[in-house]
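Biologist: Please show me the complex. I have some questions about how its chains are built and how they meet.

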Amino acid sequence: MVSLEDFGSYETAWCPGCGNFSILQSVKQALVDLQLKPQELLFVSGIGQAAKAPHYLRANVFNGLHGRSLPVATGAKLANPGLTVVVESGDGCNYGEGGNHFLAAIRRNIDLTLLVHNNQIYGLTKGQASPTTAAGQVTKAQPSGVASDPFNPLAVAVAMKAGFVARGFSGMPEHLTTLIGKAVRHKGFALVDILQPCVSFNKVNTSAWYKKRCYELPAGYNPSDWAEAMKTSMEWGERIPLGIIYENNRPVYGDHFPQVKQKPLIAMKPDQEQLIRIMNSYA
Amino acid sequence: MTDPGGLNILIGGEAGQGLVTIGQLLAKALVRSGYFIVVTQGYQSRIRGGHNTFSIRTGPRELSTPREAVDLLIALDRETISLHQGDLHSGGLIITDLSWGGERSDFVGVPFKELGPVKLNNTLALGVAGALIGLPQDVLLNVLSGFFGKKNPSVLEENRQALTKAFQWTGNKAPVFPKLPRVSDPGKRVMMNGNEAIALGALSAGLKFFSFYPMTPATSIALSLAAQAESLGVIVEQAENEIGAVNMAIGASFAGAPSMVATSGGGFALMVEGVSLSAMTETPLVIVVAQRPGPATGLPTRTEQADLDFILHAGHGEFPRAIFTPGTIEECFYLTRQAFALAESFQGPVFILTDQFLADSYRAVSSFPIEDLPWVGPVSDPPNISFPYQRYALTEEGLSPRLIPGMTDHLVVADSDEHTEDGHLTEDLAVRKKMVDKRMTKMEGLLREASMPEYRGEPNPDVLLMTWGSTKGAVLEAAAELNKQGKRTGTLSFSQVWPLVADHFSSILEGAKEVVAVEGNAQGQFARLIRRETGFPISRRVLRYDGLPITPEYILNSLKA
């Protein structure tokens with residue numbers, strides 16, 4: 001039996017009251033619910049306060065560079081399809097610095113889970129606008145207000161028919177735990193955009209701001225209806241929908257490589273006869 | 001013929017006229033008939049039109065460099081005649097369309113229109129050239145069959161007929177040209193260019209994962225690997241950009257797959273953060289950089305050796321690395337194998353630095369003894385590791401036991417931040433210092449394994465030609481000619497330019513009356529590196545940076561000046 005204790009307990013570098021604590025707890029609980037052992041898991045992260053999260057649980061971890069967690073995770077997953085790969089990082093890391101990798105991962109439909117701690121601000125560098133900061137919001141780096149419109153990751157993911165697209169909120173931990181569990185179980189690329197307050201640097205999108213707006217999608221909502229999902233993904237402002245917004249069963253990336261049949265590349269024995277045939281083809 | 005090695009054939013024409021096709025077919029027929037070859041390809045960054053060349057220097061003895069003077073010019077368009085007739089030796093011939101040449105004695109005017117449709121002009125020219133130099137017709141027919149294969153029997157048949165007609169026409173109408181001397185024992189050789197040899201070397205070493213973004217002149221490494229990936233259980237992945245490519249390779253390597261990326265200077269500029277990441281996380285990575293002239297987009301399809309300084313310093317922070325610079329096709333193969341072994345054993349970034357000239361240069365090489373060559377793989381799981389596993393355990397040699405995530409009961413934690421022995425980020429400055437020392441200590445192992453430069457010549461020569469990478473062949477042949485002229489000349493060729501062990505070569509430099517650095521860049525980057533590392537100044541330099549490879553003629557003319 002895997003229990004919460006298996007994932008350990010660590011001192012963190014986060015501010016008191018940060019949404020990250022509750023997200024970390026939800027992640028651990030979801031893994032316990034799925035009975036996944038730390039040894040079967042690979043967490044890949046980038047840089048930012050959210051990207052430190054994998055240091056605070058027991059698992060295999062690759063904490064790489066800012067924006068680059070998805071390609072590292074893609075390489076690792078292709079090399080060993082047996083690993084359950086979870087990418088955990090923030091809005092700046094995934095939607096800003098790593099934007100192209102985000103698009104490519106959706107296109108590939110690589111079988112991994114992307115958890116984006118989305119606090120709509122750069123926390124670690126102390127309060128500059130992130131790709132999801134609201135237009136007009138004043139920061140020290142954007143003293144006249146943010147001039148660009150915010151990036152809508154869910155609408156982009158749905159438009160590209162990502163395998164699994166969901167939104168959670170750090171203030172609703174049980175709901176979030178369920179979403180993360182479903183995302184990890186989903187075969188293919190799964191995005192969970194997780195709204196969270198930044199208590200130090202985002203004075204607009206506070207815990208109360210989110211609580212007032214977030215609502216769970218009703219039981220009758222059909223996440224396989226793409227047109228409905230497009231509409232839902234655009235809903236933002238006075239009301240913010242939470243839950244699985246879109247889901248499909250697109251073919252999973254890697255399944256087209258017959259050379260990797262759920263076996264790590266490291267375990268594949270070399271074929272010298274084939275190599276000799278290849279060399280002779282140059283004669 | 002004044003070429004000491006044999007015969008120099010140059011095929012010129014527009015992109016789209018099929019000159020590379022007949023160049024490769026002619027080269028293959030030569031190799032199968034037992035001749036050695038050195039191919040130089042000069043092409044423009046376009047799919048149609050422009051002026052492209054495919055030159056083959058060939059002869060019965062081993063060749064290591066192209067030469068500039070041409071014996072047989074195959075002009076598929078008129079521009080080739082005006083551009084290259086000045087390179088023709090006395091006694092040389094130009095194969096061209098009958099209607100372009102008039103009555104010049106050095107013209108072989110082929111009535112292409114009478115012999116076949118325009119689309120077969122290249123095969124007709126191939127036939128005329130083959131017949132002139134004395135290649136057996138059946139060897140060329142076999143090569144044609146291999147190229148067109150069973151996929152397209154009607155195309156093969158019309159090409160076979162064109163080739164036969166060209167042989168008949170040449171026998172009856174063409175002027176006489178000195179035939180290549182027959183090779184009695186052709187030996188078993190394969191025709192391979194630098195990129196193909198790197199790909200095969202990587203596969204033979206145990207490559208399991210390759211990611212790339214297309215960039216000339218490195219792309220054919222990816223294509224060679226992609227063609228074989230499925231049959232060998234290797235994953236070849238085209239990434240969204242070079243940043244994605246290098247990070248994917250690091251992820252795959254972390255998960256246990258020996259991994260490689262290949263690009264050129266501009267693409268490598270994007271990969272630079274990955275070099276630093278490979279070093280910090282101590283993840284093995286082989287990086288091929290096939291140079292082309294920069295800065296920026298530069299001359300995309302030409303050659304240069306100007307990225308040495310860049311590769312030497314790429315990546316923020318301080319960490320050890322190794323840089324191999326193959327000078328021949330054989331070295332492309334064996335040094336790639338060595339790069340894999342080294343990347344896995346020292347757990348960090350290892351470079352293979354080539355250039356467009358070597359990447360595209362087909363040569364005849366003896367088959368590699370693949371059955372006798374060991375595979376390298378990730379250091380197998382050491383059985384006696386206690387819990388909890390520490391990915392960055394401090395050791396005397398700086399090397400920590402490397403486990404692969406998901407393959408044992410241990411957890412593997414790697415971090416791009418400065419980290420503790422167990423891989424978690426830290427700001428403990430005492431730990432920081434220990435970790436820098438640990439990483440830098442790995443340099444001692446790299447120094448122990450560094451390859452010696454190759455010296456050829458008598459001791460204490462009057463002139464020492466010092467070079468690195470693909471310029472080796474030109475330097476060897478230039479030295480041979482200087483020795484023939486009575487000038488005692490030695491050569492010192494570096495196939496590994498970092499790390500350098502001064503004891504390997506200082507006495508050779510000091511023992512020569514004069515040292516000349518021969519390099520394909522504008523600053524003498526390697527000469528400056530030697531000065532930095534040894535204090536030995538080399539002021540005389542033969543440099544080339546017009547986009548063309550250094551040839552023996554170029555060196556000899558520069559030394560005369």
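Modeller: One term before we start: two residues are in contact if their C-beta atoms, placed from the backbone, lie within 7 Å. Also bear in mind that this model is predicted.

Biologist: How many residues of chain A are in contact with chain B, and with how many residues of chain B?

Modeller: We count residues on each side under that 7 Å contact rule. The count gives 46 residues of chain A and 58 residues of chain B.

Biologist: Which element supplies the largest share of the side of chain A that touches chain B?

Modeller: Several elements supply at least two residues each, including β2 (60-63), α4 (99-108) and α9 (272-280) of chain A. Helix α2 (69-79) is also on that list. The largest share is 8 residues, and it comes from α2(A).

Biologist: How many nonpolar, polar and charged residues does that side of chain A have?

Modeller: Sort the side of chain A that touches chain B by class. Charged residues number 4 and polar ones 14. The nonpolar residues come to 28.

Biologist: In which sense do β2(A) and β15 of chain B pair?

Modeller: Strand β15 covers residues 413-415 of chain B.

Biologist: Which residues of chain B is Ala76(A) in contact with?

Modeller: Set aside the neighbours of Ala76(A) within four places in sequence. In chain A, the contacts of Ala76(A) are Leu42(A), Val44(A), Phe62(A), Leu83(A) and Val85(A). In chain B, they are Gly251(B), Ala252(B), Phe254(B) and Ala255(B).

Biologist: Why does the radius of gyration of chain B agree with a compact globule?

Modeller: Chain B has 561 residues, so a compact globule would have a radius of gyration near 24 Å. Buried residues make up 55% of chain B. The radius of gyration of chain B, which agrees with the globule value, is 26 Å.

Biologist: What mean pLDDT does chain B have?

Modeller: For the complex, the predictor gives an ipTM of 0.98 and a pTM of 0.97. In chain B, 98% of residues reach a pLDDT of 70 or more. The mean pLDDT of chain B is 95.

Conventions:
Residues numbered from 1 in each chain as written. Chains lettered and ligands numbered in written order. Predicted model: local features only at pLDDT ≥ 70, side-chain atom pairs only at ≥ 80, totals over all residues. pLDDT = per-residue confidence, 0-100. Rg over C-alpha atoms; globule rule 2.2 N^0.38 Å. Buried ≥ 20, exposed ≤ 12 C-beta atoms within 10 Å, placed from the backbone. Helix = DSSP H or I, 4+ residues; strand = E, 2+ residues; numbered from the N terminus. Nonpolar A, V, L, I, M, F, W, Y, C, P; charged D, E, K, R; others polar. Pairing = 2+ DSSP bridges.
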